[in-house]
There are 2 protein chains.
Amino acid sequence: MSRRTGVSVPTIKFYVREGLLPAGELTSPNQASYGETHVQRLRLIRALLEVGGLSVAGIRGVVAAVDDAERPVHDVLGAATKPLVPRYEREPGDGIDEARKTVAGLIAARGWGADPSGPAPEALATALVALDELGHGRFVEVLDTYADAAERVARADLDYVARHVAREELVESAVVGTVLGDVVFSALRRLAHMDASESTFGRTRGGEAE
Amino acid sequence: MSRRTGVSVPTIKFYVREGLLPAGELTSPNQASYGETHVQRLRLIRALLEVGGLSVAGIRGVVAAVDDAERPVHDVLGAATKPLVPRYEREPGDGIDEARKTVAGLIAARGWGADPSGPAPEALATALVALDELGHGRFVEVLDTYADAAERVARADLDYVARHVAREELVESAVVGTVLGDVVFSALRRLAHMDASESTFGRTRGGEAE
């Protein structure tokens, strides 16, 4: 498995010890056999660690939810994607209550069936407070454009899942799509920025004007 | 300044030593005076560290670019936002060349004036390889929806900057907007997911069916 995935043997053993990866079937005292499911799980762990920046404890929560076949799908999706929301170390300040109200108002206006006290609304409120402190309180004016774009992307995500994903892979796909979809969008946003900046602020490259 | 921003004195001293924050004016041997610019810079550092997850070295690059008034705006914007693209530790594998071609094709099809060898296209190609390895190679089918949404958001970002930001604050605003805009979008995408998931997979909460 180490050869197939490029992950070192001690690292694989560490994941097994930490409960992220099921143990392989022992074929001899120092050789274990791992199947396709193990390889897929190992790739999931690597994506969450390296791309998602999750902690080992966070990943343990995600894989426990992925492996929980008993609970209703919507509940499991919530449990599996909860650790994927970044948490910011912040002192509670004056602005946070107002920001939470803004977020709750947005959720209501959109008709979204989301709990305003969950981790995603809290992350949003924290970002709004940071923007306000940095002199960008008026950023809330473009929140609707962001929300429109987020709705379109979320709809495309769900369509993709409905067309391409077997039900038993649903939760794992949601985790993968949440983490990697963020990376994809943020890279595309930067590309679109560069283009917009180039047309707005001129096309000088390496000091040469064109 | 520590009182105004909630950042401890040793931490402020550390930022000054690391070249992130200009030294205050010494008013006595153990008391320095810091102005509004210092407070704003300190808030920027905290946002990049805590929300953007940047390293001290990355932030040093950002603030050097922000403080560089000589270079053309478009160049400085590029230099300031470059460290904001996450880099993933990956072995170069078979899939990356094909993924780079996909990304270059997308940039050309969009007519984006972006360098396909920059850090953002590379982050995108890496995410596509990870998706492919996890069995989601067909995710490229929704890339155009992502790119449309990214264009809308980027246009809103530029409009916001044009309406609300003084030219001397342009580069700093671009940095703030890039980092915090990602957080805002990713939180909104999760909220939109929850809503879409709730309508698709049912509204059971805490085990109770409605």
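A nonpolar core is a set of buried Ala, Val, Leu, Ile, Met, Phe, Trp, Tyr and Cys residues joined through C-beta atoms within 7 Å. That term is needed for the first view. The model shown in every view is predicted.

View 1. The largest nonpolar core holds 122 residues. Ala127(A) and Ala127(B) touch the most other members. Which residues does Ala127(A) touch, leaving aside those up to four places away in sequence? They are Val51(B), Leu180(B), Val183(B), Val184(B) and Ala187(B). In soluble globular proteins, nonpolar side chains tend to be buried together.

**View 2. Chain B meets chain A.** Here 73 residues of chain B are in contact with 74 residues of chain A. Five helices of chain B each give two or more residues to the side that touches chain A. They are H3 (36-51), H5 (73-81), H7 (119-133), H8 and H9 (170-201). Which of them gives the largest share? H9(B) does, with 22 residues. By type, the residues on this side of chain B divide into 42 nonpolar, 15 polar and 16 charged.

**View 3. A turn relates the two chains.** Take chain B and turn it by 180°, with a shift of 0.0 Å along the axis. Chain B then lies on chain A with an RMSD of 0.0 Å. That is the relation of a two-fold axis. Which C-alpha in chain B is nearest the axis? That of Ala149(B) is, at 2.4 Å from the axis. The same surface serves both copies: of the contact residues of chain B, 100% recur in chain A.

**View 4. Chain A as a whole.** Chain A has nine helices and two strands. Along the sequence, the pattern reads α-α-β-β-α-α-α-α-α-α-α. The C-alpha trace of chain A spans about 65 × 50 × 40 Å along its principal axes. How does its radius of gyration stand against that of a compact globule, and what are the two values? Chain A has 21 Å, but a compact globule of 210 residues would have a value near 17 Å. Of the 210 residues in chain A, 41% are buried. Now look at contacts in chain A with a separation of 6 or more. Residues 24 or more positions apart account for 60% of them.

View 5. Strand E1 covers residues 25-28 of chain A, and strand E2 covers residues 31-33. The two pair in the antiparallel sense over three bridges. Ser28(A) stands opposite Gln31(A) in E2(A). How many residues does the hairpin use to join E1(A) to E2(A)? The hairpin joins them through two residues. In a regular strand the side chains alternate between the two faces of the sheet.

**View 6. Asp144(B) in helix H8.** Asp144(B) lies in helix H8 of chain B, which covers residues 143-164. Asp144(B) has 13 C-beta neighbours inside 10 Å, so this residue counts as partly exposed. Follow the chain to Ala196(B), 52 residues apart from Asp144(B) in sequence. In space the two are 20 Å apart, C-alpha to C-alpha.

**View 7. Ala166(B) in a loop.** Ala166(B) is found between H8 and H9 of chain B, in the loop. Is Ala166(B) buried or exposed? Ala166(B) counts as exposed because it has 8 C-beta neighbours inside 10 Å, and a residue with 12 or fewer is exposed. Pro22(B) is 144 residues apart from Ala166(B) along the chain. Their C-alpha atoms are separated by 22 Å.

Methods:
Residues are numbered from 1 along each chain as its sequence is written. Chains are lettered from A and ligands numbered from 1 in the order in which they are written. This is a predicted model: local features need pLDDT of at least 70, side-chain atom pairs count only at pLDDT 80 or more; totals for chains, interfaces and linings use all residues. Copies are superposed by least squares on the C-alpha atoms of residues with pLDDT of at least 70 in both. Two residues are in contact if their C-beta atoms, placed from the backbone, lie within 7 Å. Helices (H or I, at least four residues) and strands (E, at least two) are DSSP runs, numbered from the N terminus. The radius of gyration is taken over C-alpha atoms; the globule rule is 2.2 Å times the number of residues to the power 0.38. A residue is buried if 20 or more other C-beta atoms lie within 10 Å of its own, exposed if 12 or fewer, and partly exposed in between; C-beta atoms are placed from the backbone. Ala, Val, Leu, Ile, Met, Phe, Trp, Tyr, Cys and Pro count as nonpolar, Asp, Glu, Lys and Arg as charged, and the others, Gly among them, as polar. Two strands pair if DSSP finds at least two bridges between them.
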